[in-house]
Amino acid sequence: MKKSRINKTGSPVLVFNPLKRLVAYFHSLTAMASAFGTSNSSIHQACVGQCISSCGLYVRFLAPDIEIEDSDYGNLRLEDYDEMCGVTRTYYPTANMSRKGMKYNKSNKTQKK
C-alpha cells in the first residue's frame, strides 16, 4: 500500500526515531502536533532544518516526488531519505539523542554531616 498525498493542502510529515529509522507518517503538521502535544512551530522548525529534532524525534516533510510504502517502516534510514531529497542535515549521535532533555536534580543529593 503506497502512501500518497490525500490532503492536498497539508504537508505530510515523516517521523524518524532516535535510531534514525522511519516509524510514523502523519497527514499534516497539525495532526502530529496534536498527537505529541506540542506546537506546530516546533515541528515545522525541525522539518525545515532550523532545529535538529522535535519531541526527541527527527521529523521531515514528505517530498512530493517520494512515495512511502509499508515496507519502509523500520527500514528507511533518515540519512537515506535526506540523500534522496538532496539535502544535508545535522544529526545527533545516537547516545546524545537518547539523553536529550534529561536533567539531573542536584537538590535531591543530601550531604551527611
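Q: Which residues of helix 3 are buried?
A: This is a predicted model. Buried means under 20% relative accessible area. In helix 3, the residues that count as buried are Leu78, Tyr81 and Asp82.

Q: Within what arc do the buried residues of helix 3 fall, seen down its axis?
A: The view is down the axis of helix 3. The buried residues line one face of the helix, because they fall within an arc of 95°.

Q: Which strands do the buried residues of helix 3 pack against?
A: Contact here means heavy atoms within 4.5 Å. The buried residues of helix 3 pack against strand 2 (13-16) and strand 4.

Q: Which residue follows helix 3, and what is its phi?
A: Helix 3 is followed by Gly86. The phi of Gly86 is positive, near 80°.

Q: In what order do the elements of the chain run?
A: The chain has 4 helices and 5 strands. From the N terminus on, the order is β-β-β-α-α-β-β-α-α.

Q: What percentage of the 113 residues of the chain count as buried?
A: The cut-off for buried is under 20% relative accessible area. Of the 113 residues, the buried share is 33%.

Q: How many aromatic pairs does a search of the whole structure find, and what are the plane angle and class of Phe26 and Phe36?
A: The search of the whole structure finds 3 aromatic pairs. In one of them, the ring centres of Phe26 and Phe36 are 6.0 Å apart. Planes over 60 degrees apart count as edge-to-face. The planes of Phe26 and Phe36 stand at 65°, so the pair is edge-to-face.

Q: How many residues apart are Phe26 and Phe36?
A: Phe26 sits in strand 3 (residues 22-26), and Phe36 in helix 1 (residues 29-36). Their pair links distant parts of the chain, 10 residues apart.

Q: What is the angle between the planes of Tyr58 and Tyr91?
A: Tyr58 and Tyr91 form an edge-to-face aromatic pair, 6.2 Å centre to centre. The angle between their planes is 75°.

Q: Where in the chain are Tyr58 and Tyr91?
A: Tyr58 and Tyr91 are 33 residues apart, and their pair links distant parts of the chain. Tyr58 is in strand 4 (residues 58-61). Tyr91 is in the loop between helix 3 (78-85) and helix 4 (94-98).

Q: What is the relative accessible area of Tyr91?
A: Tyr58 is buried, at 0% relative accessibility. Tyr91 is partly exposed, at 26%.

Q: What is the count of disulfides, and how far from Cys47 is the nearest cysteine sulfur?
A: A disulfide needs cysteine sulfur atoms within 2.5 Å. The count comes to 0 disulfides. For Cys47, the nearest cysteine sulfur is that of Cys51, at 8.9 Å.

Q: How far from Cys55 is the nearest cysteine sulfur?
A: Cys55 is in no disulfide. The nearest cysteine sulfur is that of Cys51, at 9.9 Å.

Q: What is the phi of Cys55?
A: Cys55 lies in the loop between helix 2 (40-48) and strand 4. Cys55 is partly exposed, with a relative accessible area of 41%. Phi of this residue, other than glycine, is positive, near 60°.

Q: Is Lys20 buried or exposed?
A: Lys20 is in the loop between strand 2 and strand 3. Lys20 has a positive phi of about 70°, although it is not a glycine. At 9% relative accessibility, Lys20 counts as buried.

Note on methods: Residues are numbered from 1 along each chain as its sequence is written. This is a predicted model: local features need pLDDT of at least 70, side-chain atom pairs count only at pLDDT 80 or more; totals for chains, interfaces and linings use all residues. Side-chain values use heavy atoms; hydrogens and water are left out. Helices (H or I, at least four residues) and strands (E, at least two) are DSSP runs, numbered from the N terminus. Buried means under 20% relative accessible area, exposed over 50%, partly exposed in between (1.4 Å probe, protein chains only). Rings of Phe, Tyr and Trp (its six-membered ring) pair if their centres lie within 6.5 Å; planes under 30 degrees apart count as stacked, over 60 as edge-to-face and the rest as tilted. The arc is that of the directions from the helix axis to the C-beta atoms.
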